[in-house]
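Here are my notes on this model for a first reading. Please go through them with the structure open.

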Amino acid sequence: MADGRLINDDLAPTTSDQRTWSMWNIAALWVGMAICIPTYTLASGLVAKGWSWKMAVLCVALGNIVVLVPLVINAHAGTRHGVSFPVFIRASFGVFGSNVPSLMRALVACGWFGIQTWWGGEALYILIRILCPASWSLPDVTPAWLGISTGELLAFAGFWALQVIIIWRGIESIRILETWAAPFLLAIGVALFAWALWRVGDLSTLLAESGDPKVGGMSAMGAGLTVGVAYWGTLALNIPDFTRFAKSQRDQVAGQAMGLVPTMTLFAFIGAVVTNATVIIFGTRIADPVQLLGRIGGPALTILAMLGLTIATLTTNIAANIVSPANDLANLAPRTFSFRRGALVAAGLGAAIMPWRLVADLGNYLFTWLNGYGALLGAVGGIMIVDYVFIRRGHLAVDDLYRRGGRYEYSGGFNWIAIVALVAGIAPNVPGFLGALGALEVPALFATIYDWAWFVAFFIAGAVHLGGMALFTRGHFGHHVTAKSAPAAAA
């Protein structure tokens, strides 16, 4: 019998009539999430740091090809068994131990929610200033320590509230929003590239390199590739939150392949090339697309551009950064947190971190924020995949995921092998992270290890988990499900 501490309506396996997401819905989900301001700045930030646009785009493209593998594997569990991310990892971490990685994932998502809300609010602020010039004269009543003006704070709060309204309507509203917004967002990106081409004059000039050839070369490939992988290393964990609603495995695999890599590569290409072109057009590199669109000129064009950025941020933020922490908090206390309550808490935390300070320096944003949480979540991903593929062989005793004393009880609800593996994966990256923060001087070896943070954490944690489970819990290897499973999607 299911334990009330482990289940509620939002955590229960999906039923056959809830599996409504087609290949096109999943592809549209990824298009909607991938086309956003952070994707643009992922490549534009590298170019602004002196990288060539080709190397910046290459790192983003390769990173997304790499991260597609764990995405598809973890998505398989969601589609096959109908379970969300925090329930899925009960198999590897234990019915209560799963709260450790799920809360790690939730905190990262809250950080991302705040960052995206800040950029969306910034676009909304510019839009309001154009439509209502009197907003320029708003009295500045915000305290100096906050670091933003009254108008910026109001726009941030307004964009935050808009997202909460959509969140309150539930997961189906997210599917509808992503499906309708995706084509519009693609058009905005192509239009921005066309503007840069028109201003520069010809394609060869637009594609000419202006970066420092000594910056962003092969020696920096590790850091750049890690940034590219860590960007969606978050969704690589909680993708079951979405694919549990997929009609079939074919829908989730094809939808992700079509929606992720081409879209990320295209939008990163636009971000890198347009940033590269701003040197010619304005005499300086402008990596922030909101600031760039604000300088393009013409109220009508700027209004359209800001509206596009607002919608782009809205679609990405709700899907990528609210669904996961909402489910993770529900997993922590199912009797207290529903999906809606968890989402509201996550949205509140995202605002409380003052995200405008985090993104003030794109170098810190890319190499400290992205690399830092990449080390955390890479370790979780390594354990999840090793456990599901090599230990479970794709099988889960679904009933045992929701009860005490079953296959996933381990020791008091915790699998200490997975906890040790998690620590082992993260530990080698800690000195490099502290060095990146400027907290201490570290040898070059640790800096190099940190450049490959996600990969180091992924492989070490996965290897320790596999070895530990082989030594101490042989009975878990290759088991076949005899307990009743959730209604499975078609293969």
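1. Buried residues make up 59% of the 491 residues in the chain. Buried means under 20% relative accessible area, exposed means over 50%, and partly exposed lies in between (1.4 Å probe, protein chains only). This is a predicted model, where local features need pLDDT of at least 70, side-chain atom pairs count only at pLDDT 80 or more, and totals for chains, interfaces and linings use all residues. Residues are numbered from 1 along each chain as its sequence is written, and side-chain values use heavy atoms, without hydrogens and water.

2. The chain has 24 helices and zero strands. These are DSSP runs numbered from the N terminus (helices: H or I, at least four residues; strands: E, at least two).

3. The largest nonpolar core holds 137 residues, and W30, W232 and L260 touch the most other members. Helix 6 (residues 99-131) gives the largest share of this core, twelve residues. Such a core is a set of buried Ala, Val, Leu, Ile, Met, Phe, Trp, Tyr and Cys residues joined through side-chain atoms within 4.5 Å.

4. L260 touches W30, N64, V67, L68, L71 and W232, leaving aside residues up to four places away in sequence. Contact means heavy atoms within 4.5 Å. Among contacts in the chain between residues at least 6 apart in sequence, 86% join residues at least 24 apart.

5. Helix 17 (residues 323-332) is mostly covered, with nine of its ten residues buried. Among them are P325, D328 and L329.

6. L58 lies in helix 3 (residues 53-81). L58 counts as partly exposed because its relative accessibility is 37%.
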